[in-house]
Amino acid sequence: MNDNLISGVLRSKGFGSNVQSVAENENAHVLRIQSPTGEGYMTLYMVMRGVYVMFDEFHLESCESEFKNMENVFCIDHCRQGRIEHENLLGNKFYMESGDLKLGRRINHSGRIHMPNGYYYGMTIGFEIGEADKSIKNEFPGIDIDIKSIVDKFSSGGKAIVSEKNNFAAEEYFIRRDSLLKNDEYIERILDEMYNVPKEIRMELFKVKIMELLLRLKMLDKTLYKDERLYIPASQAEKIKEVHKLIIDSPDKNYTVEALSQMFNIPESTLRKNFREIYGSPIYKYIKKIKINKAAELIKNDSDLKISDVAERVGYDNPSKFAAAFKDVMGITPLEYKQKKK
């Protein structure tokens, strides 16, 4: 990678013992992170000195990251697909889903990474405060952008807001996709375009799109957005994950919310709310999807299995209800799926 573009992101402390460099050219650095649950790739582009774009594509459930951010970094995080878990200063969890945006200093982030659905695809635009300002002024001398003022606007100058009473601890600004679309569709368009930049003009367009985004953030009226994060105490989040594991491990069983509530000592309303927040789906809909995906796997791997046997193995004693559920999830009937996979 061009020595003149290497920032403290790579110079400081490295990315950790479970991260390996797998490819590199003048502007990009591809890193792989591994864990017992899978692997992920991070592709880092040094757009200007002090300004980088990193695309994350993870196919894993969890991992430990040893990477420590610099104290002078400001990050804009965007979730494209999947879900990712974050933890606040009080140890409580919150979740980003497709289209969500997060802006802040990341000073107090833990190294634990969890993807509830086993995958995540997103982007981080990072700025080294001070160094980035010099590059922007050099590249775009006629545009008035001050990174420090944007940092102060969206992360309280890097200081955390902590309230035990309200179960709240934040050093970052969080915008749900629905709120973003309602108030500023332009920001989402800029971000979407950054995922589809032609290779031949990638670095030039990254610069332009980042400047567009900064100008938009400079103008953005924070009063239009509410911080709609649902913080989940770590103990409750762990219980929900145990519920999830039970569902995954026993697709032949039919659990009701009432039964799960009693088994894990969680109020039904809390179970429903927190499960949806962590996994992005109502619990009954999620259970149905797990069962049907398992059924599809059985049909694919054993062509001799009768459809009625498959239905029984995923907890359906009524073949017509199974067929209806299968079509609802897969778009075709079990028999059509079986014939298609022959």
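Visitor: What share of the contacts in the protein chain with a separation of 6 or more comes from residues 24 or more positions apart?
Guide: In this predicted model, residues 24 or more positions apart account for 66% of those contacts.

Visitor: And how many helices and strands are there in the protein chain?
Guide: The secondary structure comprises 13 helices and 13 strands.

Visitor: What percentage of the residues count as buried?
Guide: The protein chain has 342 residues, of which 49% count as buried. The chain exposes about 17,200 Å², and carbon and sulfur atoms supply 47% of that area.

Visitor: Turning to helix α8, which residues are buried there?
Guide: Helix α8 covers residues 257-264, and V257, L260, S261 and F264 are buried in it. Viewed down the axis of α8, these buried residues fall within an arc of 105°, so they line one face of the helix.

Visitor: Why would residues three or four places apart point the same way?
Guide: An α-helix has 3.6 residues a turn, so residues at that spacing point the same way.

Visitor: What do the buried residues of α8 pack against?
Guide: Their partners are α7 (234-249), α9 (268-279) and α10 (283-301).

Visitor: Which residue follows α8?
Guide: N265 follows α8, and the phi of N265 is positive, near 55°.

Visitor: Now α6: how far apart are its end C-alpha atoms?
Guide: They are 26 Å apart. Helix α6 has 18 residues (202-219) and, at 1.5 Å a residue, should span 26 Å, so the two values agree.

Visitor: Which residues of α6 are buried?
Guide: The buried residues of α6 include M203, F206, I210, L213, L214 and L217. K207, K209 and E212 are also among them.

How values were computed
Residues numbered from 1 in each chain as written. Predicted model: local features only at pLDDT ≥ 70, side-chain atom pairs only at ≥ 80, totals over all residues. Heavy atoms only, no water. Buried < 20%, exposed > 50% of the residue type's maximum accessible area, 1.4 Å probe, protein only. Helix = DSSP H or I, 4+ residues; strand = E, 2+ residues; numbered from the N terminus. Arc of directions from axis to C-beta. Contact = heavy atoms within 4.5 Å. Areas by Shrake-Rupley, 256 points an atom, 1.4 Å probe, with all protein chains shown as cover. Expected span 1.5 Å × (residues − 1).
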